Amino acid sequence: GFYTNDLLLMHKNLDFINQHWIMSILFYCGAKIFGMFTFNKMNSCILSSLAMIGLYILNRKTCKENKLMAFLITIIQLIVLFNYDLLTNRVNTLSLAVLALFIYNLEKFDETMNKKYIIWNIILSIAEINLHMSIWWILIIALMPYCFNFKFNAKASEKKRFEFQFKKNLIYMGITAATLITGLINPYGFKGMTYIFRCGIDEVSKTHCLEFWSVLAYTERGQYVYTLILIIVVLGTLFYFKKYKNIEMKYLYFGFGGLLMSFIAVRNMYFTTIFCGIYIVYLLRNVFITSNFKKGFVIISITAVIISAYLYSARITCAAFNTQYQYGYEGIEKVLDEYCNDKDISKDDLKIYSYESIGGYLEYFGFHPFEDCRNEATRKQMNGIHDYYKESTAFRDGLVDCSELLEKYDIDVIVIHKVGAERIIKTNEEYFNNNWKLYYTSEMPSRSKDVLVYTRKQY
């Protein structure tokens, strides 16, 4: 059956939901066959390609088969995703492709009213709830513009200015209800469907997890890109309406709704990219389809963009894939294996304080850390026992006496970045110097990224 207790962390009997169990199996098998780092590179390329194909198919449909415009917008979307380091080997990238195909089917259904597109969407919904439960709700959000769609035509008489589509709206509300039911078709039922609402997203997680930051607080680079998207959407709307005097509101919902989502959290840039992309394609669907000169100019521009995107993505990819260079994790597992052999202690009995990506890395090699990348797994709302995440963040931020956590959980080994180590030591230097010793250091070009291993002195 499916596990309902967490088997990865050092804490026992925590309630557990594997929100992307299918991808967990595929990722694990791929890593076993090809090796972790080789598979990461392969997988990122495969998932990014699927996302690109999905985006292009949707863009081409939205801009009425204007291939050049669809291709140009797709490339721009990829550049934006690369800019935010979002095209990676995470399942979110595959969810982006699923969302693109889901909206493509909605567009085809809106045009033809052919039920087969809704059947395909039911299949995609079932697939997504088992691929990534917390992201599944974006499919419901994508249905909302269709449920409340109408056309506005400023040229028409006052009575006909608003063209409502109540029958279609009701049909889409029924489709939304059916899609909600498919959310229950997962190994964990209602708990899996409502996973996102128990993730414990509060000020603590927003402070420590970059994904929950507003896009305006993320990076200076990210602020520029978001501002550019905002300018394009606003000015595009004004110029389009000035020329055509009409607009289909579902696309307006997508455009400004997408801007709002990333303003709330930078992780929503996945959805901002696709929603704003749909709207921009809609605004520009009649551009670059007439003269050969324009086509030639676009082709040259696209080529330049592709080269720029390739060079830029290569730089990001090198940093993202070379884990040893970026994080210093590689080799830590061998150090801990040697330690276990020297002290005659099993991996299951070794109590390790580590966190986030370091913890996730150690889990792959059979160790059980205090915390890993799944912040929600250590929140009481999810595990039903205790808020270990809040306790851990206070510890590594140097807000509490370090002896409290280390003695309470009888920690044997600390695996932590140098910056974090400096903070926790300051909280009680006498205790730390008397009880702990530096066992290993992975020296990195950026010394703040050194990973340090501390053990108890009596060992």
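A disulfide is a pair of cysteine sulfur atoms within 2.5 Å. Keep that cut-off in mind for the first exercise. The model used here is predicted.

**Exercise 1. Cysteines**

Task: State how many disulfides the structure holds. Then decide whether C147 and C340 are buried or exposed.

Solution:
- Step 1. Apply the cut-off given above. The structure holds zero disulfides.
- Step 2. Recall that buried means under 20% relative accessible area.
- Step 3. C147 has 2% relative accessibility, so C147 is buried.
- Step 4. C340 has 5% relative accessibility, so C340 is buried too.

**Exercise 2. The nonpolar cores**

Task: Find the size of the largest nonpolar core and the residues with the most contacts inside it. Name the helix that gives the most to this core. Then list the contacts of I274.

Solution:
- Step 1. The largest nonpolar core has 79 residues. Those with the most contacts inside it are L99, I103, I274 and F275.
- Step 2. Helix α12, residues 269-283, gives the most to this core. Its share is twelve residues.
- Step 3. Take I274 and leave aside its neighbours within four places in sequence. I274 then touches L55, L58, Q77, L96, L99, A100 and I103.
- Step 4. Another core, of 24 residues, lies apart from the largest one. Among its residues are A377, I416, F432 and Y454.

**Exercise 3. Aromatic pairs**

Task: Count the aromatic pairs. Then describe the pair Y146 and F254 and the pair Y364 and F365.

Solution:
- Step 1. The structure holds 27 aromatic pairs.
- Step 2. A pair of aromatic rings is described by the distance of the centres and the angle of the planes.
- Step 3. For Y146 and F254, the centres are 6.0 Å apart and the planes are at 70 degrees. Planes over 60 degrees apart count as edge-to-face, so this pair is edge-to-face.
- Step 4. Y146 lies in helix α6 (residues 137-147) and F254 in helix α11 (residues 249-264), so the pair ties together parts that are 108 residues apart in sequence.
- Step 5. Check burial. Y146 has a relative accessible area of 1%, so Y146 is buried. F254, at 2%, is buried as well.
- Step 6. Y364 and F365 are also edge-to-face, with 5.1 Å centre to centre and 90 degrees between the planes. Y364 is partly exposed at 30%, and F365 is partly exposed at 25%.

**Exercise 4. A cluster and a charge**

Task: Which residues form one aromatic cluster with F150? Where does K347 lie?

Solution:
- Step 1. F150 clusters with F152, F162, F164, F166 and F241.
- Step 2. K347 lies over the face of F367, at 4.9 Å from the ring centre.

Notes. Residues are numbered from 1 along each chain as its sequence is written. This is a predicted model: local features need pLDDT of at least 70, side-chain atom pairs count only at pLDDT 80 or more; totals for chains, interfaces and linings use all residues. Side-chain values use heavy atoms; hydrogens and water are left out. Buried means under 20% relative accessible area, exposed over 50%, partly exposed in between (1.4 Å probe, protein chains only). A nonpolar core is a set of buried Ala, Val, Leu, Ile, Met, Phe, Trp, Tyr and Cys residues joined through side-chain atoms within 4.5 Å. Helices (H or I, at least four residues) and strands (E, at least two) are DSSP runs, numbered from the N terminus. Contact means heavy atoms within 4.5 Å. Rings of Phe, Tyr and Trp (its six-membered ring) pair if their centres lie within 6.5 Å; planes under 30 degrees apart count as stacked, over 60 as edge-to-face and the rest as tilted. A charge sits over a ring if NZ of Lys or CZ of Arg is within 6 Å of the ring centre and within 35 degrees of the ring normal.
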